[in-house]
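Subject: Structure for you to look at

Hello,

Here is the structure I said I would pass on. Please open it alongside this message and follow the residues as you read.

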Amino acid sequence: MKADAAAVPNDDTTTTAWWSCKSCGKDNTTVAAGGGHGGGADDGMVVDYRGNPVDKSKTGGWLGAGLILGTELAERVCVMGISMNLVTYLVGDLHLSNAKSANIVTNFMGTLNLLALVGGFLADAKLGRYLTIAISATIAATGVSLLTVDTMVPGMRPPPCADARGAGAHLRCESARGGQLAMLYAALYTVAAGAGGLKANVSGFGSDQFDGGDPREERAMVFFFNRFYFCISLGSLFAVTVLVYVQDNVGRGWGYGVSAVAMVLAVAVLVAGTPKYRYRRPEGSPLTVIGRVLATAWRKRRLPLPADAGELHGYHTSKVTVKAEMDTSYREEAEDDNSVRPLANTARKSKSCMILGSVRTLLTGFLPCRCLDRAAIMEADLAASPAKTNQTSAAPAATVTEVEEVKMVVKLLPIWSTCILFWTVYSQMTTFSVEQATRMDRHLRPGAAPGGFAIPAGSLSVFLFLSILLFTSLNERVLVPAARRLTRRPQGLTSLQRVGAGLVLATVAMATSALVEKKRRDAANDGGGGGMISAFWLVPQFFLVGAGEAFAYVGQLEFFIREAPERMKSMSTGLFLVTLSMGFFLSSFLVFAVDAATRGAWIRNDLDAGRLDLFYWMLAVLGVANFAVFLVFARRHEYKQPAGTAAVVVAPAAAKDGGAGEEKEMDDFVVVKEAVEGMDV
C-alpha cells in the first residue's frame, strides 16, 4: 500500500467505481498480519459503494462482516455437502467403478482449489473482492442448482441395480454414460468455479470491514477471524451430518436442493448489504509481477549479466537487501563470459548485507536463480548487437526489487513440493474411506438388527472435523505453551516443525488405514461367518488425518505468509491453495496409475475382492520418503529475517589511498548487520 496514494475523486466522477475493491491478502491470516484493511489506515483506497471516503458509522464493522459470514457459511454447506458424500452416489447410483468415482471427486476438489487462485488474481488485478464474490456466489448457486436437477431427473441416471458394489457388478449393472455424465461434470465444475472464487476472497473482504488503525476495530477484526473459522466448522459439521443423512435417506435431490437454497439466499443477502460494505480498490496482483519477471528473464536469457550488479535496473533504489556476495558472483560469471568490467565498489565483498537508496522493507536476498537477474538488465547496459537490442526492446526491464521478490517465492518451492502429499492423504478421507464405511456395520450398537438406524457412510467424516477442532484448541492451549517452555522460542513450534508433525501423522494414518482395511477385508471374507466389522474402526484414521491437518494447515499457511515477500503476501494463500489442488490431482494420478498397473486388482468395486490395504501401504511408504525429503529441505531453509531485528549502521567512507579492498568510493549505501536472535533456525 502506498502512503502517498491519490485522494479519492468526488462522487460525480466515481459513481461506478464502488465495486472496485481489494485487500492485499487472500486469507484471514494474511490480512491480520498486514494490518487494517490489509495493511494500514485508510489512505484513499478504502471507499463506500459510491466511491466516496468511508463513513465508519454507516459502513463496515460487524454489520457488513456479518453479512459476509453468511456467504462463507453457505459455501461450506454447499462444497462439503457435495464432496464428502459424492463418491457413494457415483458408485451406488451411477454404477461407476471405485477408481473412477474417487478420481471424479479428487479432480473436482483439485479444480476448485486451483480456480481459487484464479479468483484471487481477478480480485487483485481487476474486479475487486466484492464483485468477484458476488459473481462467484451466483456461479456456485447455478452449479449446485444444476446438480440438484441432475440428481432428481430419473433419465440422468442408469437403471437401478440390486448390488452395485458386489462381485461382478460391472457386468450386471449399466454404468452412466454420455449425456448423463456430461450434465454431472457441467454441474460439478460450475460449482468448482464459483466456490473457488469465494474461497479466495471472502475472508479478505470480511477483514476489509475493519480498520486496523483503529484499536477498537482491530480488536473486533480478531473476533471476526474466530467467527469466520466457527462458520467454516459449523457449515462443515452441518453438511456431513444433516445434509448427508438427507441425501442417503430422503433423496439426493433434496440434499443438494438445501445447498442450492442456501447459496441463493447467500447471494441475496450479500447483494442486499451492498451499501453497508467498505471496498478496497484493486492494486494489482503479485502473479502479474511474477509472470512479467519470468517472461522478461526468458526473453533476455542469452544476454550476459553485467559485471557490476549496480547496473541492474533499480539496484540503487531497491527495497530489498541483496547479499554482498552477489557482486562477487557477478564478477565470477562475467569472467567466465570474458566480459569483465570494473566493480563499482569492491568493498561490497563484505559479508554484511547492504541496502542502496531508500529502504522501506527489509527482506533477505536470495543468491540462487541468478538467471532471473537478466529480467533487470537495462537496454543501455546491453553489450549486444543492434539487432539483439531491437529484439529485447519489447521486454522492459524489471526492477531488482521485483526480481528478488520472485526469487524469494522460488525459494519456497522445495518446501511447498513436500506439502503436496499430505493433501493426497487427506483426499482418501473423502473417497475410499467413505466407500469402506459402506461395507461395514454402521449401527450405533454393533450387531444391531438390520432395520435399525445406521450412520450414513459420509457422516463418519464428522470425526475428521472434530479432530481438527480438538487439536487446533490443544495446539494453542497445551502443546504450544509446552513447546515454548522447552525451546524458549516465543512461538513454541516453528512453522516447519508444525508441517513436519502433520506429515508424520498423515503417514501414520495411512499405515493405520491399511491395517484396518486388512481387518475389514479378512472379516468379510471369513468363511466362518465373521461378517462385517464396526465402522467405528475407521475413526482412528479420520482422527489422525484431522490431527495432522491441525498441524499442517496452520504450519503451511504460517510458513508461506512469513516467508513470502512483504509486497506479495497474497501469494501465501495462493501457494497454499495450489498445494491443496496438487494434492488432490496427485491422488487422481496415483489411483489411475495403480489401477492400470495392477489391472484393477487393488481397487475394485467389490472391496472385499480388492487390495485397498496395499494402496494405503503404498501411500504410507511415499509418506516416509516424502518426510525424509522434507527434513533435508527444512534443515537447509533459512528463515527470512524479520524487519524489526536488523540494526542499521551508516558505513564510513573508504580512504582514497586505502588497501586493495577499500579503494572505491562507498557513498550512498548503508551496511545492515544481520541479527538472527529469536529467529526460527
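Predicted model: local features only at pLDDT ≥ 70, side-chain atom pairs only at ≥ 80, totals over all residues.

Residues are numbered from 1 along each chain as its sequence is written, and side-chain values use heavy atoms, with hydrogens and water left out.

The chain has 21 helices and six strands (DSSP runs numbered from the N terminus: helices are H or I with at least four residues, strands are E with at least two). Of its 681 residues, 53% count as buried (under 20% relative accessible area, with exposed meaning over 50% and partly exposed in between, for a 1.4 Å probe and protein chains only). Contact means heavy atoms within 4.5 Å. Among contacts between residues at least 6 apart in sequence, 84% join residues at least 24 apart.

The largest nonpolar core holds 120 residues, and Ile 82, Leu 90, Met 263 and Phe 615 touch the most other members. A nonpolar core is a set of buried Ala, Val, Leu, Ile, Met, Phe, Trp, Tyr and Cys residues joined through side-chain atoms within 4.5 Å. Helix H8 (residues 179–207) gives the largest share of this core, ten residues. Another core, of 18 residues, lies apart from it and includes Ala 297, Ala 309, Ala 375 and Val 403.

Leaving aside neighbours within four places in sequence, Ile 82 is in contact with Phe 108, Val 144, Leu 147, Leu 188, Val 191 and Tyr 256.

Ile 82 also takes part where two helices meet: Val 79, Ile 82 and Ser 83 in H3 meet Val 105, Phe 108, Met 109 and Leu 112 in H5. The axes of H3 (residues 61–83) and H5 (residues 98–127) come within 10 Å and cross at roughly 155° (axes are lines fitted to C-alpha atoms, for helices over the stretch in contact, and angles run from 0 to 180 degrees between N-to-C directions). H3 is therefore roughly antiparallel to H5, a term for angles over 145 degrees.

Phe 542 is found in helix H19 (residues 539–563). Is Phe 542 buried or exposed? Phe 542 is buried, with a relative accessible area of 1%. Beyond its neighbours within four places in sequence, Phe 542 is in contact with Met 429, Ser 433, Leu 460, Ser 461, Phe 463, Leu 464 and Ser 467.

Regards

Conventions
Parallel < 35°, antiparallel > 145°, perpendicular 65-115°, else oblique.
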